[in-house]
Amino acid sequence: MSVEVPISVILSTLDTPRPGNLQYILKTLYSNSSLITQLSKSELSHLISRVNNLIQSKDEYKRWYGLHLVQVLAFNPVILTTGGAAILVSLIKLVNDRSYDNVLLFQNACLAISQIVKNIRGKPSLTREVLTPNLSNIIAALIDNFERDVATVLQVATDLLLRNTTTFKPFINKFEVKLTALLNNANFATFDDKLQAAVCKAYAYLNLTKSSNQASSAAATNSNVQALPDDQWRLRIFQIVEELKEVVQLYENLIDLSADANINKQLLSLGKLENSKKIFGKLSVDVNDSSTILQISQRVGVLTRLLAAFLTSATPFALRAPLGLAIKVATLLISISTSYIPVKREFGRESGLGKVIQLDVAHSQAHGVVLLRALVETYKFNVLSSSHLIFSSLEVIIPVTKSGKVFKIDDARCLNLESELLQVIGAVSELLQLNGHISDFEVIYKLIDASLLLLKKRTPLDELIDKQQQSAAPQGQGQGQGKKNKNKRNKDATPMSDILSHSALFELSPSKSTVKTVSSFFAIVIRKLNKINISYRIKLIKYIVSVSLKQYLACGKISHMNVKLLEDLVLYPNDFENFNNLAIVKNLLPNNQVLSLLTNPRFPVLDSKVKQRLESQYADLEEEEEQQEDEDEELAETAVEQLPHTSNTTLAEEIDRRTTSTTASNSANTPMVEVFKSNSELKKIQEQQSLTFAKEEPSTASKRQFQDSEMVEDSIPVAAANKKAKLEQQTAPTTATADQSDDEGSDFEMPVIDIDSDDEE
Amino acid sequence: MEEIVFYNPESQGEEKSNALNLGYATPIHTQTNVNGFRQASTYPNGAVITGTKQGDRVFVACKGKALIHVYTWGKEAPEQKIPVPEQLTCLTLVHNKEENVSDVDLGQDFIFEENEEFTKLPKFKIPYLLIGGGISGKLYTWELSSGLLLSVKEAHYQAPTVLKTTADNSYLVSAGKDARILVWKISDLVAFDSTEEKIIKPAHVISDHSLEITDMFINNNIAQDSKLYTVSKDSTIRVYSLFNFQLLSTFIVSGIVESIVVDSADRAIFIGLQNGNIRQIDLYEANKASNILEAKGGAGRILTLAEDHELKSTITYHAPHPVKRLALSLDGSLIISGDEKGRVVVSDIVSKQVVKELKEVTGSVANIQVLSSYQTAEDSVVEKNNRAMLPLKRVIASGELKEQEVIFQKGMDQDQELFNLDDYLQRVSSEALHFEGLSSVQSNAFGNVATSGDNAAMVKVLQEKNDKVTKAYADLRSMYEELYKEHTKLLEKK
């Protein structure tokens with residue numbers, strides 16, 4: 001249903017724009033492109049000038065109105081060819097205009113420009129006529145007004161930088177200055193993630209072409225080596241690693257890095273660059289002002305983000321990426337852990353300072369994990385070679401306590417490090433997805449424990465209640481004192497009474513994202529690791545089943561995620577599993593296609609080959625029943641349809657034809673192709689004595705099959721009983737019930753006859 | 001949509017003019033362009049192709065030379081000739097996956113996730129590994145993007161004949177003239193280990209065959225259902241489960257088996273015999289008496305195939321030349337076969353009739369691969385500066401992480417193809433609130449960092465004024481206080 005607004009009406013409303021009609025006009029202009037394509041020349045120029053007037057008007061509302069019109073009209077090629085240039089010029093003017101403060105106007109002006117540029121890009125003569133003359137003005141305007149709305153400008157400018165790199169070249173230095181200022185901003189770490197990532201990405205793209213003196217000189221030193229387009233890019237990566245190394249070396253002053261000789265060696269082996277250009281200024285860390293210490297991990301965070309941007313951004317051409325080096329940096333960051341490397345003695349005594357240092361180191365570790373995860377997600381199998389290294393380094397990050405000889409995860413610290421642990425879990429899931437053959441399950445076990453902990457309801461009161469109980473304990477010893485204490489405490493605790501009596505009300509459930517990450521991890525573990533310890537397998541089953549049941553009872557349905565997990569539990573059994581959870585899962589998931597197929601296996605539909613054979617068999621049995629004759633005719637029809645084959649038809653047609661004919665013949669065939677027969681059918685067959693029931697005399701049944709087919713069996717294995725279907729171990733119980741019901745059918749007949757005969761007597 | 005058959009020859013004897021040894025890539029359904037690849041003579045299974053788009057490559061292990069020829073799709077001459085430590089008899093590729101955990105996993109509560117993002121495949125795309133079997137029986141594993149030789153393993157006592165990987169990239173299966181089949185974990189073959197000489201053992205060894213293994217097939221199921229089909233000169237076809245390495249069934253044929261291909265849904269096996277026949281073995285068949293569909297084999301059964309005198313399941317086109325390679329089309333209805341004489345034909349499986357004869361090669365057919373292709377407008381744009389692959393190293397990697405430097409390109413996000421008008425209109429109406437005075441849309445954090453010059457001047461003026469007034473007030477106050485003190489003094493004196 002098209003609601004077409006005639007062009008005369010549109011033009012008149014553009015004179016006096018009102019909020020009520022904008023939506024209609026936008027919709028009309030977008031969906032009825034014929035409206036514009038059929039315009040006369042004068043009407044077209046009229047429309048374009050109206051839009052231009054709106055953009056240039058002094059009224060903010062009119063401007064905004066015009067900007068939205070442009071964003072929709074940009075999709076129309078007729079508008080672009082006739083009025084594109086004029087509109088672009090006025091848009092640039094608007095971006096440069098500093099007389100208004102409204103961010104909405106600025107944002108929409110930028111977006112309108114980018115919309116026009118996107119639609120022009122790739123069309124050769126349009127680009128030549130409209131885009132090229134204006135492009136440098138656009139870039140200049142965007143960079144000059146960078147601070148007005150960083151997020152929008154970055155988005156548009158990065159796109160231009162990536163796709164119109166040569167035109168951007170003269171502005172690269174200017175842009176770099178702005179970006180470096182942002183990166184050096186003391187609050188950079190507190191920007192939202194998207195913006196941080198956008199800044200880092202834009203910074204990386206700056207190095208796509210820029211061939212500074214440094215790069216060319218570096219290339220020149222490698223005599224006879226041709227300068228490659230990615231020299232600058234690579235050089236910058238090494239510079240970032242160098243800077244990162246220097247920042248990490250600051251930790252030498254705070255923690256006892258010398259305790260781990262390996263880390264020192266690794267740090268030094270990261271390499272050294274001569275007179276490398278620094279992106280960041282110097283950090284000033286003062287141990288007396290403990291908050292300055294946190295700057296270290298913030299700097300590490302920015303640097304790892306930058307490194308990740310360089311290594312994982314989409315690029316127009318292939319680049320040499322020092323993947324091994326990056327993995328090394330990430331694992332090194334992760335391996336600096338205060339669980340194994342003590343804080344320096346002089347700071348350790350002041351517990352406050354020691355805690356801050358520990359916290360800072362933990363943050364740096366987390367940044368390492370984020371980098372690692374980004375690498376695994378991008379490079380996938382290329383990371384496989386070092387996966388054992390990564391696994392062992394990730395193990396370090398999980399907080400453990402030692403009780404006796406066994407390491408157990410440290411619950412309190414795990415909860416503190418939730419977001420970091422989720423990163424670890426994500427990274428491990430990605431790695432397992434690549435390779436399920438791992439020899440050391442220790443990391444997985446620890447992570448399962450930690451995940452289950454994260455999934456539990458949390459109460460902030462555990463410590464509180466412990467404290468109460470502790471103070472309550474000595475009561476029995478000194479009565480008088482105890483009473484006094486009790487009175488006093490009760491007074492304090494009155495406002496707390498809710499907490500003590502209704503502590504369940506204060507419990508918090510884990511967040512949705514936590515549940516999702518952990519569930520993905522569980523799914524991967526179930527699918528890929530069929531050799532994990534059975535006790536951990538049981539932990540997983542217990543969690544999944546109980547959560548699903550709880551969800552079902554509370555909401556009446558089980559979430560898609562849990563359904564998947566339940567299915568996986570059945571489809572991927574553990575090697576050591578001597579129980580079967582099929583029944584539980586089947587009960588929880590009624591009407592489930594996967595489980596239904598598993599418990600009632602069907603053989604794949606055959607090609608027309610079988611149809612032919614069935615046809616010939618029907619010919620033999622023709623005299624039997626009229627109904628069957630009808631089916632026979634259907635089959636013959638489909639089979640005839642099947643045969644002709646011409647080589648000239650295209651594949652698509654071919655597939656089309658085949659699928660339709662197969663489905664058609666399927667419906668006719670279904671009763672024949674079924675694996676299990678209904679009781680009546682079986683009985684009929686028994687009457688005909690053409691086949692003994694398989695379960696009763698398996699050996700004869702299978703022998704008979706082979707006499708019938710062209711096969712001759714050399715040996716009949718003892719265990720081979722029922723040939724009707726290849727049954728997996730899990731399906732056994734269900735098959736048994738199916739057989740039982742068949743048996744019941746035949747058993748039932750016998751008593752009836754007996755009773756009848758008794759009565760007659 | 002089109003299907004393209006890639007095939008290449010194994011030149012016989014001591015032909016010096018290798019230039020004639022053309023390999024071909026031909027579409028099955030149309031008569032259009034045939035791509036040729038010069039000097040593409042290999043041992044059987046010695047060539048692999050990655051695809052049929054711009055930037056795809058063909059790797060050919062030259063017969064008689066320790067070289068790998070690399071062709072880019074569309075070019076006739078090899079673009080790169082990479083020297084390798086010894087002559088390679090067979091090759092296989094391990095592809096890098098595109099999916100992430102979030103893609104394959106538990107989505108939202110809705111079945112089709114709306115926000116699923118697809119990034120385009122990059123133009124520069126090479127598989128993860130190239131694994132080659134040397135003529136001495138060694139296995140070489142190269143990481144293609146870095147050129148590193150990750151491992152060399154003495155695997156077979158004679159030359160390997162075929163290498164295959166499982167669909168989930170977890171196992172490599174190698175078979176050789178020594179009648180052995182070895183199953184390797186790929187993660188073992190590629191692991192860096194700088195500490196000591198790494199010892200790689202096969203995950204499993206199968207030595208059931210008594211003569212040279214000529215061909216193998218692995219189906220594309222999940223790990224639990226992965227099956228390995230092997231054929232050998234000892235006239236047997238063996239089917240193994242790759243999950244627990246059990247022999248599921250053995251088929252005994254009369255005659256030497258040269259090649260095998262299996263229906264993608266595991267419904268039928270097709271074997272190429274030395275007597276030139278292609279035999280179809282159905283894995284499910286309706287029982288003639290009961291009409292119930294039944295599976296053949298399994299549980300270690302040994303089945304002897306009866307002679308097919310009526311030629312109901314035999315294609316005889318190639319007789320008497322041995323059928324060297326087989327492949328199936330996408331829908332499993334056409335079989336492509338190549339023989340020792342160099343003939344390659346497409347036959348219809350149901351009617352057993354030859355549908356099309358493809359261009360003959362000189363010598364015996366060494367490889368046949370069928371690729372589905374979908375040509376888009378972008379594919380016609382020829383990329384001029386396609387980056388060359390790094391040469392493959394001939395020395396084993398040291399295991400030092402820094403050595404791994406990969407050539408890599410990440411694909412760009414797919415351009416937004418359709419403008420979501422409704423979302424856009426939502427944005428428009430929420431912005432419109434601002435102009436109606438119903439919302440105070442404020443600038444973002446960085447919106448108004450730079451205050452305009454006029455404002456700053458104004459502030460300065462006001463500041464000065466304020467300072468003046470404050471000072472005047474302070475003066476006044478101190479005067480008043482002094483006066484008050486005087487006054488109290490006077491009062492006290494009174």
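A helix crossing is called left-handed if the near helix is turned anticlockwise from the far one by less than a right angle, and right-handed if clockwise. Keep that in mind for chain A, where helix 22 passes helix 27 in a left-handed crossing. Before going on, note that this is a predicted model, in which local features need pLDDT of at least 70, side-chain atom pairs count only at pLDDT 80 or more, and totals for chains, interfaces and linings use all residues. Residues are numbered from 1 along each chain as its sequence is written, chains are lettered from A and ligands numbered from 1 in the order in which they are written, and side-chain values use heavy atoms, with hydrogens and water left out.

Let's start with chain A as a whole. It has 37 helices and 4 strands, where helices (H or I, at least four residues) and strands (E, at least two) are DSSP runs numbered from the N terminus. Of its 761 residues, 48% count as buried; buried is under 20% relative accessible area, exposed over 50%, and partly exposed in between (1.4 Å probe, protein chains only). Take the contacts (heavy atoms within 4.5 Å) in chain A between residues at least 6 apart in sequence: 73% of them join residues at least 24 apart.

Now back to that helix pair. The axes of helix 22 (residues 418–434) and helix 27 (residues 512–528) of chain A come within 9 Å and cross at roughly 30°. That makes the two helices of chain A roughly parallel, since angles under 35 degrees count as such, over 145 as roughly antiparallel, 65 to 115 as roughly perpendicular and the rest as oblique. Axes here are lines fitted to C-alpha atoms, for helices over the stretch in contact, with angles from 0 to 180 degrees between N-to-C directions. On the helix 22 side, the residues that meet helix 27 include A:L422, A:I425 and A:V428, while A:V518, A:F521 and A:I524 are among those of helix 27.

Elsewhere in chain A, A:A259 sits in the loop between helix 14 (231–249) and helix 15 (261–268). A:A259 is exposed, at 53% relative accessible area. A:A259 and A:I341 are 82 residues apart in sequence, yet 6.5 Å apart in space, C-alpha to C-alpha.

For contrast, hop over to chain B. B:D178 is in the loop between strand 13 (171–176) and strand 14 (181–185), and B:D178 is buried, with a relative accessible area of 14%. Leaving aside neighbours within four places in sequence, B:D178 is in contact with B:H156, B:Y157 and B:Q158.
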